[in-house]
Amino acid sequence: SAAGDLMIRNIQLKHSGKYVCMVKTEVDSVASAADLIVRGSPGPPEHVKVDEITDTTAQISWQEGTDNHSPVTTYTIQARTPFSVGWQRVTTVPDVIDGKTFTTTVVDLNPWVEYEFRVVASNKIGGGEPSLPSEKVRTEEAVPEIPPSEVSGGGGSRSELVITWDPIPEELQNGEGFGYVVAFRPFGTTTWIQTVVTSPDTPRYVFRNESILPFSPYEVKVGVYNNKGEGPFSSVTTVFSAEEEPGIAPSGVSATSLSSSVIEVSWTAIPWKMSSGRLLGYEVRYWNNGGKEESSNRVKAAGNETSIRITGLKSNLAYYTAVRAYNSAGAGPFSATVNATTKKTPPSQPPGNVTWNVTDSRVILSWEEVRAMENESEVTGYKVLYRTSSQTDMNVLNTDKTTAELLLQFNDDYIIEVKATTDGGDGPSSDQILIPRLASMDARGSGPSVLNIFSVSSFLPTIFSLTLNSVL
């Protein structure tokens, strides 16, 4: 450069060496030399090997690699197992390995686990590339040290004690022949009953004996063992034996048809003692007179409920129902069978020719009578549904006539529709009619006048008074 400087960008270790600067003229030449040293983080240590192995320790040795012109200050040891996520730094003795030390003892390893080790050198520049891994080596076996966690249980069938736990992962089993020792005793007694579970993946044990009383507390603990011996037990926890399934059927069962597709079944709750367990609820099965009892459908109600509605049924059809109680041990006997026939479907035709007139804020509505067909439920009356265009919920006026009178305040548009009512449910609505807020004192109109122009996105409180009267 013009200033006589030499700049090397992105300098690398290979740029080390002797640099000569020479100035030449026609008369003479002058040269000056300088040695350039490029320092870098260390290269990888070499020949890493395991000299000695126990159940929890490994003696590691290695040879130094290149220091790249900056002395190695420390070494760290990393390990990898089939159970680890990549390479992890491990604890050594001494904890800090200086740059002049080429051996160390790795501690706190898990017994009976296959390990690989590698070494990383560091200097003032930073940490270098890791060494190649050592050969794989397995630590020696040892007695298991960790008992199962989450020891619990309960449930099951009559005369059973179900005990569960979280299995011990393979890296903590410490050797071959791993299994569990399950110990239990009735609450308040002193002698433990023990059994062995030989599969390390098994998460439960079921003790069956006719002498087991329903829903009785047991003290339970689960220990571990392998070929080297027995390890510790978990802390003691309380587990209840299986409950006793209900022994009697619900009484007072009745079925009532509410519509063409809904039947309500009700019953009297069965007497229940907490010593028998916790009553979960009731199961109601139902089938129609064309189906078989064995292929019945089933619905469930919670234990504190004494009725349930069965929906989605076919119209004008006899349905048979029976009820039984159940808990975690199973279900009790079914009640006597009762039946109810769903009602016929509502008329398929809406009220026709809806007409209206307005006089002094009174809306007089009239429509044609809806006549049910033979397979439809008889009309018992009509519903007049109305709202302002600023409302979302419909107001309802019931009448058994084909006319109705509404007393309204016309500070908004009104939307009105009419539908027939029957025991089987409501029929379809008439087309919506619109009565505009500017209707004159003696306005008239007739449907259909379908309203599609309003998009009501929120409910606004009603700010006007309504007086509803059915025309006599």
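Glu369 is partly exposed, with a relative accessible area of 48%; that label sits between buried (under 20% relative accessible area) and exposed (over 50%), using a 1.4 Å probe and protein chains only. This is a predicted model, in which local features need pLDDT of at least 70, side-chain atom pairs count only at pLDDT 80 or more, and totals for chains, interfaces and linings use all residues. Residues are numbered from 1 along each chain as its sequence is written, and side-chain values use heavy atoms, with hydrogens and water left out. Let's look at some salt bridges, and then at a loop residue.

**Salt bridges**

- The structure holds 12 salt bridges, where a salt bridge is a side-chain nitrogen of Lys or Arg within 4 Å of a carboxyl oxygen of Asp or Glu.
- One of them joins the side chains of Glu369 and Arg371, at 3.5 Å from N to O.
- Arg371 counts as exposed, at 64% relative accessibility.

**Glu264 and Arg309**

- Glu264 forms a salt bridge with Arg309, and their closest N and O atoms are 3.3 Å apart.
- This pair links distant parts of the chain: Glu264 is in strand S21 (residues 263-268) and Arg309 is in strand S24 (residues 307-310), 45 residues apart.
- Strands here are DSSP runs (E, at least two residues), numbered from the N terminus.
- Glu264 is partly exposed, with a relative accessible area of 26%, whereas Arg309 is exposed, with 56%.

**Asp426 and Lys383**

- Asp426 forms a salt bridge with Lys383, with the closest N and O atoms 2.8 Å apart.
- Asp426 is partly exposed at 34% relative accessible area, and Lys383 counts as partly exposed at 23% relative accessibility.
- Elsewhere, salt bridges that share partners join Arg158, Glu244 and Glu245 into one network.

**Thr91, a loop residue**

- You can find Thr91 in the loop between strand S6 (88-89) and strand S7 (92-93).
- Thr91 is partly exposed, with a relative accessible area of 39%.
- Leaving aside residues up to four places away in sequence, Thr91 touches Thr105, Val106, Val107 and Asp108, where contact means heavy atoms within 4.5 Å.
- Thr91 and Ile77 are 14 residues apart in sequence, and their C-alpha atoms are 7.9 Å apart in space.

Methods. Helix = DSSP H or I, 4+ residues; strand = E, 2+ residues; numbered from the N terminus.
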